[in-house]
Structures are given as structure tokens and as C-alpha cells.
Amino acid sequence: MERLRAIMLEVLNKKPPEPRVRAVIPRDTAMTLSERLMDFRERLQRRGRFSFRRILGECKTRVDVVVSFLAVLELIRSGECDAEQEGPWGDIVVVALARV
């Protein structure tokens, strides 16, 4: 979990801060947690693994980064995947776990 947190903070620091506006993020621009969970489950079914860093590179907003992070945590919590990392600051690979 600490590895995921460190990568998320690294990516959040690279994304430009969004302007502070007192407005709701338009629905058509923000992904939902359930949409991201579905996307990640499909990736795991197709390939069995994916790069968390690559996923975060696809994020357009900081909200997308946070939603992606929460989706990975939920998949780990539910026992659908695990996260592997070769070394400090290395890419995190999200790996599907076999259902029992």
C-alpha cells in the first residue's frame, strides 16, 4: 500500500494543479470509480496485469489520478489483484489473482 501511495503522490506532483473554482466537475470529463473499476477489471481479464505508472500517465486530471488509485486499492481489498514492485521508485505492476 505504501508503494501505491508513493507513486500516486509522485504523479500528483507532476500533474498541473487545477484552478480553484467553486464549481462541480462536469460529468462528461470526470471518470467515476465504478467506470475505472470496470476498466481495470477488463484489463486484468485480457492481459492479467497492467502498469500503474502507465495508467496514471493516461490520466488527464488529478481527479482521474485519485479515482485510479482508489480503484486499485478496492481491487486489492477485494482480492482481485495484487501489486508488485521491483525496487524503490520502480513501476508498480497490478497483477490479477486467481479466484478461488
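User: Over how many bridges do β2 and strand β3 (residues 92-96) pair in the antiparallel sense?

Analyst: This is a predicted model, in which local features need pLDDT of at least 70 and side-chain atom pairs count only at pLDDT 80 or more, while totals for chains, interfaces and linings use all residues. Residues are numbered from 1 along each chain as its sequence is written, and side-chain values use heavy atoms, leaving out hydrogens and water. Strands are DSSP runs of E, at least two residues, and helices are runs of H or I, at least four, numbered from the N terminus; two strands pair if DSSP finds at least two bridges between them. For β2 and β3, the number of bridges is five.

User: Which residue in β3 is the bridge partner of D82?

Analyst: β2 spans residues 81-85. The bridge partner of D82 in β3 is V95.

User: What is the strand order of the open sheet?

Analyst: The sheet has three strands with antiparallel pairing. Its edge strands, each pairing on one side only, are β1 (49-51) and β2. The order is therefore β1-β3-β2.

User: Is R43 buried or exposed?

Analyst: R43 is found in helix α2 (residues 33-47). Buried means under 20% relative accessible area, exposed over 50%, and partly exposed in between (1.4 Å probe, protein chains only). Because its relative accessible area is 13%, R43 is buried.

User: With the side chain of which residue does the side chain of R43 make a polar contact?

Analyst: A polar contact is a pair of N or O atoms within 3.5 Å; within protein, one must be able to donate a hydrogen and the other to accept it, and residues adjacent in sequence count only if both atoms are side-chain atoms. At 3.1 Å, the partner of R43 is E58.
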